[in-house]
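Subject: Structure handover

Hello,

Here is the structure I said I would pass on. My notes follow it.

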Amino acid sequence: MTGCVYLIDDDDAIRDSLSALLATVGWQTQPYASIADFEHEHSDWRSLHGCLLLDIRMPGKTGLTLLEEWQQRGMDIPVIIMTGHGNINLCRRAFKSGAFEFLTKPIDADLLLETVSGAMTQFQTQANQRQQATQLRDKLNTLSAREHEVMALMMEGKSNKEIAKHLQLSARTVEAHRANLFAKLEINSLAKLIKLYGGQSLIDKTP
């Protein structure tokens, strides 16, 4: 199994027991006694790969504070909150701040393994989506300014003749730009162009 479980809990016994449990199914665990220790080692959150198993109540910065900070920074690594003092307000606050799951101690072993598995699956799905988005943007960046213009008009459903008139080009020139951008984007139809590159967030980020 790929990915790591970053475990933050100030209770030594809990860190040891959860690490041992997670190891039985092949997950690597990096345990920390405090958020300060975790942040000292992982100052760049983009290097994180897996999920975070986070206690709420600890000396210094609390788990919910960290979760809220991460949400503000746009971090999307799955965070599983655990606490021995759960209540509805804490649970609501955690989910509002983007928690993947909220578990109360003592944590059932099967439930924990199931939850971590779900968090790992979510992380991998998001990682794949980010990688695909990066690849799409890289291809878009190879287009010339004119090819971007042609592409935008194609997205609007305009024909080659209409694009040629709009850009004051010959129909043959538009056809050449269309063929070039299809080759650069590694697609062979307008349908694939719309499917892969129709997202406004991708188009907005092109030059």
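Contact here means heavy atoms within 4.5 Å. On that basis, among the contacts in the protein with a separation of 6 or more, 63% are between residues 24 or more positions apart. Please keep in mind that this is a predicted model.

Overall make-up

The protein has 10 helices and 5 strands. Its radius of gyration is 24 Å, whereas the globule rule gives 17 Å for 207 residues; the value is well over the rule, so the protein is more spread out than a compact globule. The C-alpha trace spans about 75 × 35 × 30 Å along the principal axes. Of the 207 residues, 38% are buried. The protein exposes about 11600 Å², and 50% of that area comes from carbon and sulfur atoms.

Helices H7 and H8

The pair I looked at is H7, residues 160–167, and H8, residues 171–185. Their axes are 8 Å apart, and the helices pack at an angle of about 110°. Angles of 65 to 115 degrees count as roughly perpendicular, so H7 is roughly perpendicular to H8. On the H7 side, the contact is made by Asn160, Ile163 and Ala164; on the H8 side, by Ala171, Val174, Glu175 and Arg178. Sorted by class, the contact of H7 with H8 has 4 nonpolar, 2 charged and 1 polar residues.

Backbone exceptions

Most residues other than glycine have a negative phi, and most peptide bonds are trans.

- Pro106 sits in the loop between strand E5 (101–104) and helix H5 (109–140).
- Gln168 is exposed, with a relative accessible area of 73%.
- Glu186 lies in the loop between H8 and helix H9 (190–197). With a relative accessible area of 62%, Glu186 is exposed.

Regards

Technical notes
Residues numbered from 1 in each chain as written. Predicted model: local features only at pLDDT ≥ 70, side-chain atom pairs only at ≥ 80, totals over all residues. Heavy atoms only, no water. Axes fitted to C-alpha atoms, helices over the stretch in contact; angles between N-to-C directions. Helix = DSSP H or I, 4+ residues; strand = E, 2+ residues; numbered from the N terminus. Parallel < 35°, antiparallel > 145°, perpendicular 65-115°, else oblique. Nonpolar A, V, L, I, M, F, W, Y, C, P; charged D, E, K, R; others polar. Rg over C-alpha atoms; globule rule 2.2 N^0.38 Å. Buried < 20%, exposed > 50% of the residue type's maximum accessible area, 1.4 Å probe, protein only. Areas by Shrake-Rupley, 256 points an atom, 1.4 Å probe, with all protein chains shown as cover.
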